[in-house]
Amino acid sequence: MKLSKVMMVTVLLGGVSLLGTGFTAKQEAGTPAALGESVGDSGEIRVPHNERLLLSTDEKWIAKEGHQSDLIRLQWTAGRAKPAIAWADENGIDKTAIISHDKANNPEQHDHKHISFETTMSPTGQYPNQLFTRLEIPYDTDISEIRTHSSNFNVMSGILRVAGETGTNRDLQFSVAGNDNETTPRWAVRADSSQEAGDNAGSDLQFVRYGDNGEAFDSALTMQRSSGNIGVGTDNPDTKLDVNGDKIRIREKHTPASSSEPCSQGQMAWDEQYVYVCVAKDSWKRTELSSW
C-alpha cells in the first residue's frame, strides 16, 4: 500500500499520531492492517505491514528556528512520563527499548535525567523478561557520566581508547559503587599529565592508589615512556628498576647446584649461608653471610 496523501507527523508521549487524510476505521482482529487505529486500547496508529514511514529534511539543526530538522520529537507532558522507542518480538512482547527518563516512577527516588538503552533480563532469572537498563547517558550536565549496568564490553580485533590532550591525565579507573550511582575510586591506570616535550618523553604510565575517601595517595608504580624505566613508589625512576623503599624481598630461597648451573647474567638467589649472583651465562658467584 502506497501513501499518496500528505500527512503531518506529531509525536506525543512516546506515541506517534498521524494527522491527515487516508485513515481507515478501527481494524477488526485478524484483518490485514491499513493505515488506521489498531485493535485494543493502546491508541496506536498502525502503518500497514512491511510499509515504511520515510521522513526527510533539508533543514539545519538551528535552535532559534525551532530545530526544524527534528523529524521525530518525543515529548513528555507529565512529570514522570517516559517517552520510548521499543522493539517487540513476534508475540508483541517488548525486548529492547530506548527510553528517556526524567524522573523516577517512585517520587522518593532521585531524579534520573538520562536516556537509557534497555534489553530484557534472562527468561529464567530473578526478573524474567523485564526490560533492564544496560547503558545510560545523563543529560542536564556539562560532563555526561555514561554508565553501564550488568554489561560486559568485548572489543574484537579493535581498540578501546582513552584519549586526551597532552598535559592531561587519561584514566581507566576502578571504583566502588555507592548510593544513587555514586562511585569512589580505589585504583586508576593512568597516562599522566607530564608534558610531551619531544624525545618520546611525557605521558608516563602510572598505577595510582586511592584512600577510602577517594583521595589519591600516590603512584604505586610508574613506567616512563621515554626510557622504559620502572619506578616503585617513585614517579621519576632513573634506572630500569628504581625502588623508593628500604627493603627488597625475594621470598623463596634457591641454592645453585654448582657454579655452572644454567643461569642468565644478573640473576640473584639466596639461602641460609650465601647470596648468589649470576655474573655471566651459566656462571654463579657467591658471598658468605654472617651474623652480627
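Reader: In which strand does phenylalanine 174 lie?

Author: A strand is a DSSP run of E with at least two residues, numbered from the N terminus. Phenylalanine 174 lies in strand E10. This is a predicted model, in which local features need pLDDT of at least 70, side-chain atom pairs count only at pLDDT 80 or more, and totals for chains, interfaces and linings use all residues. Residues are numbered from 1 along each chain as its sequence is written, and side-chain values use heavy atoms, with hydrogens and water left out.

Reader: Is phenylalanine 174 buried, partly exposed or exposed?

Author: Buried means under 20% relative accessible area, exposed over 50%, and partly exposed in between (1.4 Å probe, protein chains only). Phenylalanine 174 has a relative accessible area of 48%, so this residue is partly exposed.

Reader: Which strands form the open sheet with antiparallel pairing?

Author: Two strands pair if DSSP finds at least two bridges between them. Here 3 strands form an open sheet in the order E16-E17-E18, with antiparallel pairing. Strand E16 (268-270) and strand E18 (283-288) are the edge strands, each pairing on one side only.

Reader: Over how many bridges do E17 and E18 pair?

Author: Strand E17 (residues 274-280) pairs with E18 in the antiparallel sense over 6 bridges. Opposite valine 275 stands threonine 287 in E18, and opposite tyrosine 274 stands glutamate 288 in E18.

Reader: What is found in the hairpin of E17 and E18?

Author: The hairpin has 2 residues between the strands, and aspartate 282 takes a positive phi near 55°.

Terms used
Helix = DSSP H or I, 4+ residues; strand = E, 2+ residues; numbered from the N terminus.
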